[in-house]
Amino acid sequence: MSATPVLQSLIAGRWIGSTAARGLHSAINGRLVAQTHAEEIDFGESLDFARRQALPSLLALDFQQRAAILKSLATYLQDRKEALYAISAHTGATRPDSWIDIEGGFGTLFAYASMGRRELPSSNVVHEGPAQQLGKIGQFMGTHVLVPKRGIAVHINAFNFPMWGMLEKFAPSFLAGMPCIVKPATATSYVAEACVRLIEQSGLLPAGALQLVVGSSGDLLDRLEETDIVTFTGSAATAAQLRVNPNLIRRSVPFNAEADSLNCAILAPDVQPGDPEFDLFVKEVMREMSAKAGQKCTAIRRAIVPAAQVDAVAAALRERLARIKIGDPAIEGVRMGALASKAQQADVAERLAQLAQGNEIVYGERDGFAPVGEGVGDGAFFAPTLLLCRDAMRNEAVHNIEAFGPVSTLMTYGDFDEALALAAKGRGSLVGSVVTKTPALAAQAVYHAAAFHGRLLVLDREAAAESTGHGSPLPMLKHGGPGRAGGGEELGGIRAVKHYLQRCAVQASPTMLTAITGEYVRGGQVTEDAIHPFRKYFEEIRVGDSLLTHRRTVSEADIVNFGGISGDYFYMHFDEVAAKDTQFGQRIAHGYFVLSAAAGLFVSPAPGPVLANYGLDTLRFVNPVAIGDTIQARLTCKRRIDRGNRPDQPPQGVVAWDVQVTNQRGELVASYDILTLVAKKATELI
């Protein structure tokens with residue numbers, strides 16, 4: 001029989017820990033799974049290594065290169081997922097539960113790799129434009145840039161999602177160029193350790209880009225500096241303790257908390273038994289009680305239903321809960337596993353006892369709770385429990401006490417305003433759901449409830465076919481909430497990356513701003529040469545490369561012909577009498593004719609490095625173009641994005657061109673960015 005492994009911490013590029021300390025037990029049968037290590041961690045060494053070695057290595061890469069690494073890492077882990085599923089089973093999770101944690105984590109890596117490739121530049125400076133003119137003649141401008149904070153991200157995670165919780169924070173912070181020190185909750189740290197071992201074995205990350213702390217965080221927070229950042233996921237009480245660390249306060253170290261909250265689901269008064277929405281509500285509550293045995297920070301703790309429907313809802317939930325097979329997830333048919341630990345089991349039991357005072361138990365342990373499997377009596381199983389509170393406006397316990405397990409409370413309301421008031425009594429939640437078939441009720445609910453929730457799901461029969469559910473945070477949408485939920489914000493697409501960057505206002509001339517931001521700012525110096533910009537390969541194009549085209553005079557025939565081709569016979573282009581009564585006083589050319597004519601002025605028609613035009617951004621028709629006006633275009637390289645070389649397409653990059661179309665008086669008539677794919681000279685694949 002092999003010895004129980006001692007978990008190790010990855011600190012300063014090496015694994016430390018050989019002496020056993022605390023035992024970690026299987027949630028299924030209580031057997032010893034792993035042990036934490038007794039060796040103390042030198043956090044001074046850890047932070048110094050991150051600052052001296054990891055940070056310069058990360059900043060030697062740009063956003064695009066770090067995004068490519070994230071994609072490679074996600075692929076590497078995906079190919080080795082079964083080993084992680086086997087370890088995750090010790091936490092009491094079923095295969096679907098572990099899928100959320102494991103492949104949900106991989107999916108977040110893939111998502112941020114994709115968002116980084118699409119939305120971030122081939123540099124370490126993000127321009128939050130557009131630049132604003134600060135002077136009369138346009139030679140003094142102001143704008144905002146985002147740059148790496150040049151600090152360390154400390155991520156303190158909860159026990160319920162040891163992999164997803166780690167990877168959903170790691171992905172945006174790594175993309176932003178911040179080395180990470182991850183401290184998982186001890187109870188399930190063996191899952192996080194297994195994942196970090198795979199990451200380290202991949203060799204894809206610079207040394208020190210990800211460090212792992214198994215056990216106590218010691219004096220880590222006391223050693224952080226102004227450029228660092230701390231994120232926390234867990235209980236609101238622990239978040240409150242950590243955020244007042246004297247060093248964090250003294251140095252103004254950002255602290256982002258995502259705390260457990262009393263999330264709610266509201267069944268609107270328009271829904272009746274027999275409606276699809278009624279069944280959707282019941283299914284959603286049941287799923288959030290049973291998935292991960294209710295150990296989700298987004299789980300439905302308060303199910304708010306019309307008083308007239310509460311008995312029907314309670315009966316439907318009793319029927320569904322009675323069908324759930326509970327026990328060892330290795331046994332076929334088991335749909336709900338155990339809580340993560342015996343300590344968690346005791347905590348949920350204590351809080352349930354508090355919640356049960358003055359309320360009815362609609363379904364619980366007395367209703368045939370009998371987990372299946374060998375040794376489950378020593379596991380951390382807990383009966384799904386549904387309570388009923390008929391006086392929720394006066395019973396404060398149901399809005400303050402959270403049993404972090406398969407426990408939910410039904411509460412009744414009279415009118416819809418009361419339902420929304422009950423939702424607000426949670427004092428801030430990560431997520432709320434409203435199940436309705438009436439758009440006006442949905443609009444009313446969101447208007448009032450959005451102030452107290454980080455995310456709102458409006459569920460009806462139309463959305464049900466594709467809904468990811470109440471409890472599923474998505475990489476492209478914000479995760480976090482106000483008040484009790486911690487007041488923090490994670491995910492939300494590229495917004496999450498910006499949390500790890502420093503925003504700075506910059507004032508300078510257009511030429512200087514162009515150099516600083518890596519994007520051409522109008523009014524800055526341009527470069528004109530004999531080679532048409534569209535004849536240059538991606539490597540040859542520089543920001544500021546520009547072409548001033550020849551001129552074209554717009555005729556009545558142009559307008560007539562364009563109308564015939566497009567089918568656009570709008571009166572402003574064809575009815576001279578009607579046009580005279582408008583603010584323009586005459587017929588004008590189609591805006592899209594001006595756009596097409598400008599393309600005819602600047603496009604180089606022969607085959608060349610420009611492969612495709614795939615879109616326009618910021619298009620504005622600024623001034624009208626009348627018959628007899630003469631237009632001219634200036635095409636300038638605004639920004640370049642090198643997305644690397646991929647085996648499924650020719651080597652190429654993205655070039656955004658600034659286009660200004662002017663008339664014979666020098667007035668701007670059209671303004672936009674055109675996006676092109678441009679071939680590279682290089683042919684090797686990476």
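Before I start, one term: when I say that two residues touch, or are in contact, I mean that they have heavy atoms within 4.5 Å of each other. With that in mind, please look at leucine 410, which in this predicted model touches Ala303, Val305, Val310, Val313, Ala314, Leu317, Leu386, Leu387, Leu388 and Cys389, leaving aside residues up to four places away in sequence.

Leucine 410 belongs to the largest nonpolar core, a set of 63 residues, in which Ile266, Phe281, Ile304, Leu410 and Phe416 touch the most other members. The largest share of this core, seven residues, is contributed by helix H9, which covers residues 276–290. Apart from this core there lies another, of 60 residues, and among its members are Leu58, Leu146, Phe161 and Phe174. As general background, nonpolar side chains in soluble globular proteins tend to be buried together.

Let me turn now to helix H11, residues 342–356, whose 15 residues reach 21 Å from the first C-alpha to the last, close to the 21 Å expected at 1.5 Å a residue. Which residues of H11 are buried? They are Gln344, Gln345, Val348, Leu352 and Leu355, and because the buried residues fall within an arc of 100 degrees when we look down the axis of H11, they line one face of the helix. On the other side of H11, Ala343 and Glu350 are exposed. The cover over the buried residues of H11 includes strand E15, residues 385–389, together with helix H12, residues 397–400, and strand E16, residues 407–413. Just after H11 you will find glycine 358, which takes a positive phi of about 85 degrees.

Finally, a word on confidence, since we are looking at a prediction. The protein chain averages a pLDDT of 92, and 99% of the residues score at least 70. Where in the chain is confidence lowest, and where is it highest? It is lowest in helix H7, residues 236–243, with a mean of 88, and highest in strand E9, residues 210–212, at 97.

Conventions: Residues numbered from 1 in each chain as written. Predicted model: local features only at pLDDT ≥ 70, side-chain atom pairs only at ≥ 80, totals over all residues. Heavy atoms only, no water. Core = buried A, V, L, I, M, F, W, Y, C linked by side-chain atoms within 4.5 Å. Buried < 20%, exposed > 50% of the residue type's maximum accessible area, 1.4 Å probe, protein only. Helix = DSSP H or I, 4+ residues; strand = E, 2+ residues; numbered from the N terminus. Expected span 1.5 Å × (residues − 1). Arc of directions from axis to C-beta. pLDDT = per-residue confidence, 0-100.
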